[in-house]
Amino acid sequence: MNRTESYPSLETHSISMDMVRSTIEVSISETEEIKVLISGDDESVSLLHMQWEDGRLSLAMPIRDRVPNLMAPAWMQIVLRLPSSWKGAMELKSQSGSLSVDGYTGTDLILSTTSGHIRAEHIHCLTSDLRSLSGSLFLNAANCEEVRLSTVSGNLLGEGLAYHSLHLTTVTGSTVLEFASPFQTLSGNSVSGSTTITVPMQEINAKLKAVTGRLLTRDISIQDQGPEVRFNSVVGNLEIVGHRAPQEV
C-alpha cells in the first residue's frame, strides 16, 4: 500500500516519528510543502497514526502494535521531503529500521534506532543526538554546536565534521572522526573500542583515563592549553592525529 500526505511548511515547527520495522529517509526537495510518502504492507500502513496539531507533525505506530507479529511479513518505508526553507526541530525513532537524513538545516535533530544504521549528511543545526545499539553511525559534512553520539556494538565514522562540543559513547564499536575545523571540547567513554580523531590543529589538551588503553598522538603535541579532550576507556586506545587546515585561495 502507498500513501502520500502534504503539510504546510510555514506553520510546522517540529516533526517527530516513532516507528517500528520502518526505514526512514529525509531529504531536501524543491517542494514548498512538507511531503510524506509511505510504502509498506497493507496492515502496517493502515495502522500508522499521522497527526498535525499546533505546528507539530507526528507519525507513530499504536502501542499495541509495537510487538511484531513474527508470522506475518511487515515492512514500511517512509520518505520525508522538506523544503530548503524549513528550519524546525526533528526527532526520528525506529526500533529496527535504518535512518538517513541528507541536507537538514534546523534547530535540534534526534535520530535513534535499535538495530538499524544511521546516516546523516550535510546537516546544520544547534544540537544533534544520534543513537544506535547495534547499527553503525555515519556522518558527513555535519556542522552543529553540540553533538552526542552513542552506539554499543556498531562502528562510528565521521568525515568533514565541524562541532563546538561533542560527547561520544561506545562499548565495542570502533570510532573514526575527521574534523574539518577545530572543536572546543570533546569527551567520551569506551570499553574496548578504539577511537581515532583527526583534527586541523598542532596542539591539544588531551587526557585519557584507562585501565590498559593508551593515548597515542601523531603530528600533534599534548599541551596544558587549547581545545580539551577528556576520554575514559577500559582497554581501547585513543589516537589523535593532527593536520593543517587547507589554505583558502
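User: How do you know which parts of the prediction have the highest and the lowest confidence?

Analyst: The predictor gives each residue a confidence, pLDDT, from 0 to 100. The mean pLDDT of the protein is 92, and 93% of its residues reach 70 or more. Confidence is highest in strand β9 (residues 99-102), at a mean of 98. The lowest value belongs to helix α1 (residues 42-47), with a mean of 86. Where pLDDT is low, predicted coordinates should not be read in detail.

User: Why is the radius of gyration said to agree with that of a compact globule?

Analyst: For 249 residues, a compact globule would have a radius of gyration near 18 Å; the protein has 20 Å, and therefore the two values agree. Along the principal axes, the C-alpha atoms fill a box of roughly 60 × 45 × 30 Å.

User: Why is Leu99 called buried?

Analyst: Buried means under 20% relative accessible area. Leu99 has a relative accessibility of 2%, and therefore counts as buried. Leu99 lies in strand β9.

User: What makes Leu99 and His117 a contact, and how far apart are their C-alpha atoms?

Analyst: A contact requires heavy atoms within 4.5 Å. Leaving aside neighbours within four places in sequence, Leu99 has contacts that include Ile24, Leu92, Leu111 and His117. The C-alpha atoms of Leu99 and His117 are separated by 6.3 Å, although the two residues are 18 residues apart along the chain.

User: Is Ser190 buried or exposed, and how do you know?

Analyst: Ser190 has a relative accessible area of 5%; the cut-off for buried is under 20%, so Ser190 is buried. Ser190 is found in strand β15 (residues 185-190). Beyond its neighbours within four places in sequence, Ser190 is in contact with Thr170, Val171, Phe231, Asn232, Ser233 and Val234. For the protein as a whole, buried residues make up 44% of the 249 residues.

User: Why is Glu30 called exposed?

Analyst: Exposed means over 50% relative accessible area. Glu30 has 81%, and therefore it is exposed. Glu30 has its place in the loop between β3 (22-29) and β4 (33-40).

User: Why is Asp42 called partly exposed?

Analyst: Asp42 is at 48% relative accessibility, and so it counts as partly exposed. The place of Asp42 is in helix α1. Its C-alpha atom and that of Met76, 34 residues apart along the chain, are separated by 9.5 Å.

User: What makes the phi of His122 worth a remark, and how is His122 classed by accessibility?

Analyst: His122 has a positive phi of about 55° although it is not a glycine. Its relative accessible area is 40%, between the cut-offs of 20% and 50%, so His122 is partly exposed. His122 has its place in strand β11 (residues 118-132). Gly103, which lies in the loop between β9 and β10 (108-113), has contacts beyond four places in sequence with Ile28, Glu121 and His122. The C-alpha atoms of Gly103 and Leu82, 21 residues apart along the chain, are separated by 9.2 Å.

User: How do you know whether Asp219 is buried or exposed, and what is its phi?

Analyst: The relative accessible area of Asp219 is 55%, which is over the 50% cut-off, so Asp219 is exposed. Phi of Asp219 is near 60°, a positive value in a residue other than glycine. The loop between β18 (215-218) and β19 (221-222) holds Asp219.

User: How far apart are the mean positions of the positive and negative charges of the protein?

Analyst: The protein has 18 positive and 28 negative charges, and their mean positions are 7 Å apart. The protein exposes about 12200 Å², of which carbon and sulfur atoms supply 50%.

Definitions and conventions. Residues numbered from 1 in each chain as written. Predicted model: local features only at pLDDT ≥ 70, side-chain atom pairs only at ≥ 80, totals over all residues. Heavy atoms only, no water. Helix = DSSP H or I, 4+ residues; strand = E, 2+ residues; numbered from the N terminus. Buried < 20%, exposed > 50% of the residue type's maximum accessible area, 1.4 Å probe, protein only. Rg over C-alpha atoms; globule rule 2.2 N^0.38 Å. Areas by Shrake-Rupley, 256 points an atom, 1.4 Å probe, with all protein chains shown as cover. Lys, Arg positive; Asp, Glu negative; His and termini not counted. Charge placed at Lys NZ, Arg CZ, Asp CG, Glu CD.
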